[in-house]
Number of protein chains: 6
Amino acid sequence: MDERFKIGWDRLKELDDKQGDRLIEGLKDIAPSMVNYIIEFAMGDIYTREGLSLKERELLTIASLTTLGDTAPQIKVHVRCALNIGLTPKEVTECVIHCLPYAGFPRTLNALSAVEEVFKEREIIK
Amino acid sequence: MDERFKIGWDRLKELDDKQGDRLIEGLKDIAPSMVNYIIEFAMGDIYTREGLSLKERELLTIASLTTLGDTAPQIKVHVRCALNIGLTPKEVTECVIHCLPYAGFPRTLNALSAVEEVFKEREIIK
Amino acid sequence: MDERFKIGWDRLKELDDKQGDRLIEGLKDIAPSMVNYIIEFAMGDIYTREGLSLKERELLTIASLTTLGDTAPQIKVHVRCALNIGLTPKEVTECVIHCLPYAGFPRTLNALSAVEEVFKEREIIK
Amino acid sequence: MDERFKIGWDRLKELDDKQGDRLIEGLKDIAPSMVNYIIEFAMGDIYTREGLSLKERELLTIASLTTLGDTAPQIKVHVRCALNIGLTPKEVTECVIHCLPYAGFPRTLNALSAVEEVFKEREIIK
Amino acid sequence: MDERFKIGWDRLKELDDKQGDRLIEGLKDIAPSMVNYIIEFAMGDIYTREGLSLKERELLTIASLTTLGDTAPQIKVHVRCALNIGLTPKEVTECVIHCLPYAGFPRTLNALSAVEEVFKEREIIK
Amino acid sequence: MDERFKIGWDRLKELDDKQGDRLIEGLKDIAPSMVNYIIEFAMGDIYTREGLSLKERELLTIASLTTLGDTAPQIKVHVRCALNIGLTPKEVTECVIHCLPYAGFPRTLNALSAVEEVFKEREIIK
């Protein structure tokens, strides 16, 4: 296994124990090299940079995804990661709500719907 | 002075001592009520919520603006705020670079150009 | 009840008698303060401004949502409001089609799909 | 002259007497067929549809451009058109401010800056 | 039948034998004139321009749709067209992956999901 | 020099002999690691993939940048690359105009303005 891949894989395992396998399974038929880019580049190169904590990085990811729009699947993945590393449900919803003045109501409400699905899955809300 | 306005004004003063006056001056001819919405809603309602620190909120703002695009003037305002409240130049650039996998190279590079202007203004880089 | 909330609530009732209760129900578990921001800020502060009629404001909302993209749930809410206050189905579809040169075909076609769902629900088309 | 071109040209002349010549001049070296698409399609096909008034169409255009972002040159053209056909400065700024809850502060503030330039050019504000 | 409509209709038939009828059926109740704009403008005016091959145009369309976001239905239509005119599955996925540095991971992954649906429908992957 | 960096650097040199040095110079103070990501990831990993020609990749880049918006500096870089590798001015403008139905007039016109600047710089148009 390539060094960058290993660094990224370990980082992703820290965020979500199963997400690496899910990525490989989900992309193996259509675009297996996307797995490498996610693991090596997004996880290995970016998510392991110094200067911000892992929790801060997850919050920034959720803010970026909220603002981008059309990102419900990605928000759900990263809300699971956020909860896994000890961010509280309150910190996750605060992060989304904080984007409201910049991203507007539709983006914020759509992101909250995706967050809600994960919170139900985790039985944080019923 | 209205209570929400006062709460927002104080929060903005904490972020940047002069920004409130600049807003009033900049918007007085074209849309003075926008000042109220920025101070009362963005600053008073959102930026004073609990659950995230002020530093975390500034980082989330910069991530949201980086992702949104066409936001150079707003990024410059918030990078000044970020530095004013003690975020390091390193934390600011890390925040922008962290958005790269989600927002792509053009948005990230444009945001870094806006950050660079403020860093030069503050003589952080020459 | 707070004055701004009351003003916004009345405005929303004018647009859709049931939408306020739906908002409270839909957001009560995940982010109840979003209800306040929608009622007080979007409805109370913005939708009650002078200078444009309520019908014109609904059309502008639909144009903004069409252009933004990833807004099917919000378009459906506002098309219901538009019809409730007497805008004709023709005015609603014209509004979406007018955005075509600026927002492009995908945004316009997606918005028309959302409009169509409401028109079927209201038995305007079968 | 082709029929669709003539219809679009007349419509554009109604909005701004000089804009057609400016378009031809501005695009003649790089992409002259874009003039045809603007005149025939945007002006001839879309802007002459029935069901909404010309004033309503200008307001919808400004709302769409505000929301889209990176549209300062286009907003300036259409604010001139809006004023030419009798929309008041107040209606123009109201239209932009109405987009705030959907498009967010950065898009709205950038649009207001473009509006302000035209208002100064027309000596509506000093 | 109008000349521009015929030119566009023939071009669309070349891309997908059934898509014209599907468009008419899908839009007949909500916005029949959109059919004309798609056939006459997008197909007749743009897709028949000289200077790029039809295959190149389909790849550019898929890159544009990938970057725009909230375009799953449109990507599916154009991936079918791409395969119909002889682009290989490999060329289609390469085209989407090429947008990754500019459009970011969420847009690219969402586009690949839409591509995958068509590849399954065509039994290119199981 | 790292292998991925070398591969990316060679690819970039093929596209534009001077662009690598310009990148290093432009980013050295604010975010030197962005140079690595551009060279290693965008150029080394993505731009050297098989299945599409280098000319096709440049056209796809320009289509993606046109659609994204707020990308004038990036469009100018890639139009220079496109011309350097033998794409004709006609192919470049066709590529931008092809995005019109998906990205809309403002994005297309803004991209053409950026293209025009490079064409003047290269004395393709006066």
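A residue counts as buried when its relative accessible area is under 20%. By that criterion Cys95(F), with a relative accessible area of 0%, is buried. Cys95(D) is buried as well, at 0% relative accessibility. The structure is a predicted model.

No disulfides were found in a search of the whole structure, over all chains. A disulfide requires two cysteine sulfur atoms within 2.5 Å. For Cys95(D), the closest cysteine sulfur belongs to Cys99(D) and lies 5.5 Å away, so the pair is too far apart for a bond. In chain F, Cys95(F) is likewise in no disulfide. Its nearest cysteine sulfur, that of Cys99(F), is 5.5 Å away.

Helix H4 of chain E covers residues 54-68. Its 15 residues should span 21 Å at 1.5 Å a residue. The end C-alpha atoms are 21 Å apart, in agreement with that expectation. Of the 15 residues of H4(E), 14 are buried, so the helix is largely enclosed by the rest of the structure.

Chains A and D were compared by superposition. Chain A is brought onto chain D by a rotation of 180 degrees, with 0.0 Å of shift along the axis and an RMSD of 0.0 Å. The two copies are therefore related as by a two-fold rotation axis. Within chain A, Gly104(A) has the C-alpha nearest the axis, 2.2 Å from it. Both copies use the same surface: 100% of the contact residues of chain A recur in chain D.

Definitions and conventions: Residues are numbered from 1 along each chain as its sequence is written. Chains are lettered from A and ligands numbered from 1 in the order in which they are written. This is a predicted model: local features need pLDDT of at least 70, side-chain atom pairs count only at pLDDT 80 or more; totals for chains, interfaces and linings use all residues. Side-chain values use heavy atoms; hydrogens and water are left out. Buried means under 20% relative accessible area, exposed over 50%, partly exposed in between (1.4 Å probe, protein chains only). Helices (H or I, at least four residues) and strands (E, at least two) are DSSP runs, numbered from the N terminus. The expected span of a helix is 1.5 Å times one less than its number of residues. Copies are superposed by least squares on the C-alpha atoms of residues with pLDDT of at least 70 in both. Contact means heavy atoms within 4.5 Å.
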